[in-house]
Amino acid sequence: MQASSLAAVCSTQQNAPCSPWTVEQVLALYEMPLMDLIWRAQGVHRQHFDPNAIQRSALLSVKTGGCSEDCSYCSQSARYDTDTERERLMPIGDVVAAAQAAKDKGASRFCMGAAWRGPKDNDLDKVLEMVREVKALGMQTCVTLGMLKEGQADKLKDAGLDYYNHNLDTDKEFYGQVIKSHTHDDRLDTLEQVRDAGINVCSGGIIGMGESRKNRAGLIVQLANLPKPPESVPINNLVPIPGTPMAESSRLDPFEFVRTIAAARITMPTSWVRLSAGRQEMNDELQALCFLAGANSMFYGERLLTTGNPDIDRDDQLFARLGLKAV
Ligand code: SAM
Ligand code: DTB
Ligand code: SF4
């Protein structure tokens, strides 16, 4: 569909927010010629952000593997035979040292991930201490701990947590083919608790899991139509993990990934859109196209949780070549 007819569907001006979004409207974005779509996304981006500034978060798995859940993309589920070794919760000193090292290299936010269905109260107490100490270094803090129980989000807020990451992962329709051990509504419930506690919401999804374009559009719509859109929206490209049910998934057309970034940017104009997992498999030109389509955040450092990420030298060179600045 051409941009002009899309604008008619939205009955709004070009680049104006169109909320609540429908799946048909977002599918119409996906169907635009790529150059028109990127042009529109970049226009929205420039209304709200410095187009040359990229936020950089470092990621650390503070508790790895042995997870009770069955997310069929994940290396850390105890149900699949993957190469990921199970590890206990890291000592706090090691976490703080990693955060300091990430800060020294130029990361502004430190995200700590734990392979839990959700935190037990005694584990949460240890994570609260991590949040306090990382915050004391002068970094923004983020954790991703799974589903939260009543009261846990308030404790995280009191400890000084800035962001909680919990992804919808995919739309409600496709969700049952990816995860059976907890529901899409469970995820929405945790996001509501995070929002109510006054913590910034980080929520996005994964593409390339065998979902349809309509499912991808559905995910974007569900994120954009939350009572308040997430402040941060990670878009992950599936990293196929040997031993998981998704090990043999075929790679999605990279331009479909770019279209998903653009759709997120247009529908969530003031959110930080994060170019997340899968960046190691992308060449520099594809990453530049993602930034042009409105991505303005990324993971910085050699590791994600259990898989690799581009090394810092490569990212620093990319920033220099593109004239990007880190924020
Ligand atoms: N257990 C917590 C949870 O599920 O919310 C936190 C960690 S979990 C690994 C965080 C997110 O990483 C998932 O929701 C998923 O979107 C993403 N992720 C995990 N494995 C991935 C993979 N192989 N490829 C792409 N994204 C992945
Ligand atoms: C998110 O959306 N992506 C990050 C972060 N939130 C926690 C995790 C990506 C994990 C990729 C696979 C791995 O390294 O295990
Ligand atoms: Fe567990 Fe999170 Fe992996 Fe699901 S995505 S298996 S909840 S660590």
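**Entry 1: ligand 1.** I started with ligand 1 and found that it sits in the largest cavity. The model I am reading is a predicted one, so I keep the confidence values for a later entry.

I then looked up the neighbours of ligand 1 and counted 16 residues around it. Tyr 73, Thr 144, Asn 167, Asp 169 and Val 239 are the closest of these. Sorted by class, this shell holds nine nonpolar residues, six polar ones and one charged one.

Which backbone atoms lie by the nitrogen atoms of ligand 1? For Tyr 73, a backbone N or O atom is 3.2 Å from a nitrogen atom of the ligand. For Val 239, a backbone N or O atom is 2.9 Å from a nitrogen atom of ligand 1. I also noted His 166, where a polar side-chain atom lies 3.4 Å from an oxygen atom of ligand 1. On its own, ligand 1 would expose 550 Å², and the protein buries 89% of that.

**Entry 2: ligand 2.** Next I turned to ligand 2, and the space it takes is the largest cavity. I found 13 residues around ligand 2, with Asn 167, Asn 236, Leu 305, Thr 306 and Thr 307 coming nearest.

How many charged residues are in the shell around ligand 2? There are no charged residues in that shell, which has six nonpolar and seven polar ones.

I went on to the oxygen atoms of ligand 2. The side chain of Thr 306 has an N or O atom 2.6 Å from an oxygen atom of this ligand. A polar side-chain atom of Asn 236 is 2.8 Å from an oxygen atom of ligand 2, and for Thr 307 a polar side-chain atom also lies 2.8 Å from an oxygen atom of ligand 2. Taken alone, ligand 2 exposes 400 Å², of which the protein buries 87%.

**Entry 3: ligand 3.** Where does ligand 3 sit? I find ligand 3 in the largest cavity. The residues surrounding it are Cys 67, Glu 69, Cys 71, Tyr 73, Cys 74, Ser 77, Ala 115 and Trp 116. By class I get six nonpolar residues, one polar and one charged.

**Entry 4: confidence.** The protein chain has a mean pLDDT of 94, and 94% of its residues reach 70 or more. Residues 1–16 are another matter, with pLDDT under 50 throughout. The model has 28 contacts beyond four places in sequence for this stretch.

Conventions
Residues are numbered from 1 along each chain as its sequence is written. Chains are lettered from A and ligands numbered from 1 in the order in which they are written. This is a predicted model: local features need pLDDT of at least 70, side-chain atom pairs count only at pLDDT 80 or more; totals for chains, interfaces and linings use all residues. Side-chain values use heavy atoms; hydrogens and water are left out. pLDDT is the predictor's confidence in each residue, from 0 to 100. Contact means heavy atoms within 4.5 Å. A residue is near a molecule or strand if one of its heavy atoms lies within 4 Å of it. A polar contact is a pair of N or O atoms within 3.5 Å; within protein, one must be able to donate a hydrogen and the other to accept it, and residues adjacent in sequence count only if both atoms are side-chain atoms. Accessible areas come from the Shrake-Rupley method with a 1.4 Å probe; for residues, only the protein chains shown count as cover. On a 1 Å grid over the protein atoms alone, a cavity is a set of points where a 1.4 Å probe fits but cannot get out, and a pocket is an open set with protein on both sides within 12 Å along at least five of seven lines; lining residues have an atom within 4 Å of a point. A molecule sits in a cavity or pocket if more than half of its atoms lie within 2 Å of its grid points. Ala, Val, Leu, Ile, Met, Phe, Trp, Tyr, Cys and Pro count as nonpolar, Asp, Glu, Lys and Arg as charged, and the others, Gly among them, as polar.
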